[in-house]
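Thanks for coming, everyone. Let me put the structure up, and then I'll walk you through it.

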Amino acid sequence: MLSTSYIFLAYFAIIIFVFGILCKVWKYAVIPNPLKIPLTPAPTNTIGVILRMVFEVAFFKSLFKSNKFTWLGGCAFHLALLVVLASHIRFFVSPVPEPIMLLQTFLQSISMFIGLLFIAPLVYLFIRRVWVDRTRFVSIFADYFVLILLFLIGLSGITMKYLIRPDLFAVKTFILGLISFSPEPIPTNPIFITHFTLILILLIYFPFSKLMHGCGIFFSPTRNQIDNPREKRLINPWDKRII
Amino acid sequence: MAKEKIEAPKLTGKIETPRIQPGASLACQHHKANEQFLTGLGYPSSLVENWQEKAIAKMGELLNKYKSLKLYLDICVRCGACADKCQFYLGTGDPKNTPVGRQELFRKVYRRYFTPAGKLLGNLAGAEDFTEEVLKEWYVYFHHCSQCRRCCVACPYGIDTAEISMAAREIMHSIGLGTKYVDEIILKVFNFGNNLGMQPKAIKNSLDFCEDEMKEAYEEKGIMDIDVKIPMDVEGAEVLLVVPSADFFASPHIESLLGYAKVFYQAGISWTLSSYASEAGNFGMFIGSYDGMQKVASRIGQAVRDLKVKRLVIGECGHAYRIAYSFWNTLIGPFDTLDKRYPIPQHICEFTYDLIKRGALRLDKEANDEFVVTYHDSCNIARATRMGDMPGGQFEIPRSIIKACCNKFVDMPQETIRENTFCCGGGAGLLTDEMMDIRIKGAMPRMQALKQVIDSHGVNFFALICAICKAQFTKIFPAYGLSMDMVGGVHQLVSRAIVLGAKE
Ligand code: HEM
Ligand code: SF4
Ligand code: SF4
Ligand code: SF4
């Protein structure tokens, strides 16, 4: 019964996550830019724009210039997120290829550090949000909600690692079962079930939330447009003179 | 309210981030546009009966027309990095004057009607009905935004609050809610071709007067053979110059007009103004109206064809250059009849700088020796345009011109110039008397930065290339205890330094 509900829930969450994101991204892609609005000084060619985006996405360059405190917390958290995701690869592939195995072994050796790197910035960002009066003023429930959700995901993860270890073989069997559409029963470790539930909530919530910033940033016209309005005429598809 | 004297912040040279004071600038609001202006622009004559329904429908329409709007409503994480960047927050402490606070006014309505979470969970998802109360706040705070894009520099995703306030203003217009100041001006351009509603004859008189002044000034110096003309409506001229109409008569704007005329004279390039397209400014952008902006701009396209010119040059005006540089090609292009060897359109600073570089102008720096000059990057030019071929030319070219005309130039602190420049506090429709409170407070960061270089270097000339900046600062300086005579144009400095006549 438990397994059946979770299997159903897992597929449901994944479908919402994938199609939700695809729908949003589709929208971001097709809604037109009627006018040129790059934030200048902006690159005047494609390579320049790619570089600009790389610096924004990889190093949060604008945030670095505008707020070092937030940058620090943001960078630490996103880096941790990336590493945590990477260290989960071993549950999704079988057999684990050699290079990933090496990476996993390395990550395992510093897993306590990674856990802290994931949790601490979330606490820091939460405190900062409440501490700074103007950020507190503009924050809505959803802002606290994602921080708490991610915190709990991290906390349950660390708990599994150091306190109540689940049967890792059963976990992997369960995940691979989901992936290969031949579902296996869910491991009964309560912390694992909590961890898994929270992740499903995150997946369902993702496409409808501000977490879409991770995809949206690539479509931001002030950042991704080339500064060439005089040289190359931008056509507005809904200009009355055209339609 | 109107008669109360507004206390300007103390000039200390420091820009401090205030603690939040909710509602601090709620009382400062525009006079509403009346029936005549609204219907003149094709909007409902007053707030329509079913305004809520209409506004939501309009919002839905805009969400499908502007990628920026849809995306920026979705992806803000409310990190607050933009919050302390807006001059109107710094000046007033009102948290709804932070860029993100301003956006949230829009976003909470968007959530309520256009997102599943907002529809289902309402308040819990940060959604709110579009009530009369909310509409009142929209009217206040979306008109407190000068569309300066300073927040966009700070935001990790490049969220541009200007895009959102433009959309908000367009929605408000669609239900019959606009500001008198801006709408009256747009209607004047529709009817007369310029923001001031000046008839061609009045412009001509003013130009004649300028010509006489220049001639007299040279004759006083014993130079008899120099007769600088300011031509209007000359068919077949090489260059059409489009300037903000304030340049025809306002002070100090007019001094720059003399500067342009002398540059053309010395370069020996034939040029003309147009009485039909007698305005570079385009307040259509302020109300977010694509069609309005296009209609205003179309006069320039018409003048280009009628006067059969080969080049198109723009005078000193911030938002006008943004629209000319970034939007004209889309709105009224392509400019098939113009000479492709030159930028279309070209900023007057690019034009002058080009001549300086080629050694075509003789400039006597000593003529400006009484001045220690600093330069205010107009936000529209700094963050929404380019001059020359290199990114950042919009910062270098005006400074190069100033340095070619003056011996003493000093920049204000780095974090207040170039792409980090502050708005003057008067842009995008704020330049009206009833908004004096927010204009004075919004100018605070710029004034503090200026105070620093006044104290450290004795700056006594504040050079600008924007008609609104000039009007705003001449009004604001006295409130801060500074002389309005410090305010002037870049081409005013050129006008003083340029040596006319044949080269020896
Ligand atoms: C291309 C990928 C991404 C980029 C460039 C990016 C960038 C950023 C930046 C610059 C911030 C603001 C700094 C801050 O408030 O800490 C931020 C905040 C945040 N991001 Fe991302 N992000 C990305 C992907 C993701 C993903 C996939 C998640 C999913 C869990 C995520 C979760 C968050 C959260 C929860 C915050 C809010 C922190 C707070 O409340 O202060 N991000 N992101
Ligand atoms: S900086 Fe950008 S993401 Fe952060 S609060 Fe401001 S608009 Fe939102
Ligand atoms: S565009 Fe300028 S005035 Fe408007 S919110 Fe951003 S910083 Fe403030
Ligand atoms: S008046 Fe000048 S500084 Fe103010 S908004 Fe316009 S360009 Fe910017």
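**Ligands, domains and helix packing**

Start at ligand 3. It is surrounded by 13 residues, and the closest are Cys86(B), Cys145(B), Cys148(B), Arg149(B) and Cys151(B). To count here, a residue needs a heavy atom within 4 Å of the molecule.

Before I go on, the ground rules. This is a predicted model: local features need pLDDT of at least 70, side-chain atom pairs count only at pLDDT 80 or more, and totals for chains, interfaces and linings use all residues. Residues are numbered from 1 along each chain as its sequence is written, chains are lettered from A and ligands numbered from 1 in the order in which they are written, and side-chain values use heavy atoms, leaving out hydrogens and water.

Back to ligand 3. Which helices of chain B each supply at least two residues of its shell? They are H4 (87-92), H5 (99-114) and H8 (150-154). Helices here are DSSP runs of H or I with at least four residues, strands are E runs of at least two, and both are numbered from the N terminus. By class, the shell around ligand 3 has six nonpolar, four polar and three charged residues. Nonpolar means Ala, Val, Leu, Ile, Met, Phe, Trp, Tyr, Cys and Pro; charged means Asp, Glu, Lys and Arg; the others, Gly among them, are polar.

Now ligand 2. Again 13 residues surround it, with Cys76(B), Cys79(B), Gly80(B), Cys82(B) and Cys155(B) the closest. This shell divides into ten nonpolar, two polar and one charged.

Next, the domains. Chain B splits into domain 1 (35-186) and domain 2 (187-410 + 459-497). Those bounds come from an automatic or database domain assignment. The centres of the two domains, taken over C-alpha atoms, are 32 Å apart. How many residues are in contact across the two domains? 22 from domain 1 touch 19 from domain 2, where contact means heavy atoms within 4.5 Å.

On to helix packing in chain B. H2 (residues 51-65) and H5 pack at about 90°, with axes 11 Å apart. Axes are lines fitted to C-alpha atoms, for helices over the stretch in contact, and angles run from 0 to 180 degrees between N-to-C directions. H2(B) and H5(B) are therefore roughly perpendicular. The cut-offs: under 35 degrees is roughly parallel, over 145 roughly antiparallel, 65 to 115 roughly perpendicular, and the rest oblique. H2(B) brings Gln52(B), Ile56(B), Met59(B), Gly60(B) and Leu63(B) to the contact, and H5(B) brings Phe106(B), Val109(B), Tyr110(B), Tyr113(B) and Phe114(B). That gives eight nonpolar, two polar and no charged residues.

A second pair: H17 (residues 393-405) and H21 (residues 490-497) of chain B. Their axes come within 9 Å and cross at roughly 30°. That makes H17(B) roughly parallel to H21(B). The contact uses Pro398(B), Ile401(B), Ile402(B) and Cys405(B) from H17(B), and Val490(B), Leu493(B), Val494(B) and Ala497(B) from H21(B). The contact residues are eight nonpolar, no polar and no charged.

Some backbone details. The Ser251(B) to Pro252(B) peptide bond is cis, with omega near 10°. Pro252(B) sits in the loop between strand S1 (239-242) and helix H12 (253-267) of chain B. Asp233(B) has phi near 55°, a positive value in a residue other than glycine.

Last, chain A. It has twelve helices and zero strands. Its C-alpha trace spans about 65 × 40 × 40 Å along its principal axes.
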